[in-house]
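Q: I would like to learn how to read a nonpolar surface patch and the strands behind it. Please take one case and go through it.

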Amino acid sequence: MSCQFDPRDFTGGANSTVHDISLGCNYYFYGHRARFTGAASYLPNGSPVASSIRDPLTGHRGNELMLQVQFQLML
């Protein structure tokens, strides 16, 4: 999957196309009242935008992997 962003939102020279391969899953405890969610995203060309705060990947334009986990509890 690739996403196309408005080039005006990026600094000069940044690519506005982001290639993303994602995989995620949910595990439900007690129906929808408690849920665990996990997701992994792979960016083969890296992120087109570097964070302005102490980003160790600044200037790195290769492979990037993002992991996300979440637990939701409805009371």
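Q: Which strand holds Tyr27?
A: In this predicted model, Tyr27 is found in strand β3.

Q: Which strands each supply at least two residues of the patch?
A: They are β3, residues 21–29, and β5, residues 64–73. The largest share, three residues, comes from β5.

Q: Is β5 largely buried or in the open?
A: A residue counts as buried under 20% relative accessible area. The number buried in β5 is one of its ten residues, so β5 lies largely in the open.

Q: How is Tyr28 classed, as buried, partly exposed or exposed?
A: The partly exposed class lies between the buried limit of 20% and the exposed limit of 50%. Tyr28 has 36% relative accessibility, so it counts as partly exposed.

Q: What is Tyr28 in contact with, leaving aside neighbours within four places in sequence?
A: With those neighbours set aside, Tyr28 is in contact with Ala34 and Arg35. A separation between C-alpha atoms is another quantity to read: for Tyr28 and Phe71 the value is 9.9 Å, and these two residues are 43 residues apart along the chain.

Q: How many bridges join β3 to β4?
A: Pairing is read from bridges, and two strands pair if there are at least two between them. Nine bridges join β3 to β4, residues 34–43, and the two strands run antiparallel. Ile21, for example, has Tyr42 of β4 as its bridge partner.

Q: What lies between the strands of that hairpin?
A: The hairpin of β3 and β4 has four residues between the strands, and Tyr30 takes a positive phi near 55° there.

Q: How many bridges join β4 to β5?
A: Ten bridges join β4 to β5, again in an antiparallel arrangement. Gly38 has Val69 of β5 as its bridge partner, and Leu43 stands opposite Glu64 in β5.

Technical notes:
Residues numbered from 1 in each chain as written. Predicted model: local features only at pLDDT ≥ 70, side-chain atom pairs only at ≥ 80, totals over all residues. Heavy atoms only, no water. Buried < 20%, exposed > 50% of the residue type's maximum accessible area, 1.4 Å probe, protein only. Contact = heavy atoms within 4.5 Å.
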